[in-house]
2 protein chains.
Amino acid sequence: METFKVGALAALRAEGYRLTQQRGVLIDLIGQSADHLNADDLYRLARARDGRISLSTVYRTLSLLKRHKLVAEIHLSEEHHHYEPVTGDAHYHLVCRQCGGVEEFGAQVIETLSDALRRDYGFTINNVELDVTGTCRSCTV
Amino acid sequence: METFKVGALAALRAEGYRLTQQRGVLIDLIGQSADHLNADDLYRLARARDGRISLSTVYRTLSLLKRHKLVAEIHLSEEHHHYEPVTGDAHYHLVCRQCGGVEEFGAQVIETLSDALRRDYGFTINNVELDVTGTCRSCTV
DNA sequence: TTATATGCAAAAGATTTGCAACGGA
DNA sequence: TCCGTTGCAAATCTTTTGCATATAA
């Protein structure tokens with residue numbers, strides 16, 4: 001199961017971008033991350049692993065990866081952004097109020113939604129950002 | 001068609017909050033707003049109408065109204081927040097990439113989603129934040 | 001070698017807060 | 001009068017940017 005889209009990193013290099021020490025570490029961390037990291041998380045993790053990185057570089061790398069659709073920026077109702085690797089499978093988030101855990105669910109449920117919006121509103125969908133807050137199974141008494 | 005929840009303002013006063021000049025103007029503006037205002041929009045509008053208000057007061061008032069569920073904070077993938085009056089009818093946003101317009105759609109389409117999430121993931125929903133980006137009918141060639 | 005990337009520090013934009021003065025009830 | 005509220009300015013937090021230096025190719 002790959003985390004990043006196949007061939008995407010190669011494409012970056014083909015476009016003339018350099019694969020620096022720092023980018024390597026960041027791409028690694030994002031790819032392995034189970035949960036959704038913010039810029040500061042990444043900064044800390046990268047710094048712990050290597051030590052030679054600045055927060056600016058984290059932001060600049062995230063911006064580069066975003067532009068190339070390698071990471072997605074998600075908005076979980078907090079004051080800062082979170083990031084996750086783009087895998088090609090659309091998915092959405094369930095945030096539990098009790099434990100703070102973030103589960104993901106798949107795209108099939110969105111298809112009905114897309115159809116309805118096209119039919120009823122004439123709206124062509126590019127992107128769906130859907131975050132559901134509630135209580136997850138484990139926290140339900 | 002009321003904009004704010006009935007009795008909610010009275011409840012605020014009953015709790016000992018004062019209905020100041022500034023709060024009056026802000027509540028008025030939010031209630032009448034057709035589109036989703038951010039703090040700075042509100043500041044400008046209030047200032048134009050009255051002149052005696054600061055940005056801090058706008059934020060403090062929004063925070064108060066948020067705490068009392070009189071306004072909802074919405075996250076339209078921008079760097080700042082937007083606000084809208086809480087009416088009791090759940091609704092969601094369609095943001096058009098071409099014209100930037102924001103349409104709303106109703107809750108019926110969400111019910112299916114809620115049912116599926118409860119059934120398949122055992123998740124009890126408190127809040128759904130759903131923002132769809134795409135091309136609206138008028139911008140579709 | 002040489003253009004791209006980095007680190008640092010400063011800037012920018014949104015939001016929050018401390019404090020003295022103000023003004024509803 | 002009295003305590004909640006306001007305005008102002010300064011602080012905070014996240015993200016961006018300018019510039020001299022470092023480094024991948």
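Q: Which residues of H4(A) are buried in this predicted model?
A: The model is predicted. Buried here means under 20% relative accessible area. In H4(A), that label goes to Val58(A), Thr61(A), Leu62(A), Leu64(A) and Leu65(A).

Q: Within what arc do the buried residues of H4(A) fall, seen down its axis?
A: The buried set includes Val58(A) and Leu62(A). These buried residues line one face of the helix, because seen down the axis of H4(A) they fall within an arc of 160 degrees.

Q: Which residues are exposed on the other side of H4(A)?
A: Exposed requires over 50% relative accessible area. On the other side of H4(A), the exposed residues are Arg60(A) and Arg67(A).

Q: How far does H4(A) reach from its first C-alpha to its last?
A: H4(A) has 13 residues. At 1.5 Å a residue, 18 Å is expected. The reach of H4(A) is close to that, at 18 Å.

Q: Which helix supplies the largest share of the surface near DNA strand D?
A: H4 of chain A, and H2 and H4 of chain B, each supply at least two residues of that surface. The largest share is four residues, and it comes from H4(A).

Q: Which side chain has an N or O atom 2.4 Å from a phosphate oxygen of DNA strand D?
A: Arg23(B) places a polar side-chain atom 2.6 Å from a phosphate oxygen of DNA strand D. Ser56(A) has a side-chain N or O atom 3.2 Å from a base oxygen. The 2.4 Å phosphate contact belongs to Thr57(B).

Note on methods: Residues are numbered from 1 along each chain as its sequence is written. Chains are lettered from A and ligands numbered from 1 in the order in which they are written. This is a predicted model: local features need pLDDT of at least 70, side-chain atom pairs count only at pLDDT 80 or more; totals for chains, interfaces and linings use all residues. Side-chain values use heavy atoms; hydrogens and water are left out. A polar contact is a pair of N or O atoms within 3.5 Å; within protein, one must be able to donate a hydrogen and the other to accept it, and residues adjacent in sequence count only if both atoms are side-chain atoms. The expected span of a helix is 1.5 Å times one less than its number of residues. Buried means under 20% relative accessible area, exposed over 50%, partly exposed in between (1.4 Å probe, protein chains only). The arc is that of the directions from the helix axis to the C-beta atoms.
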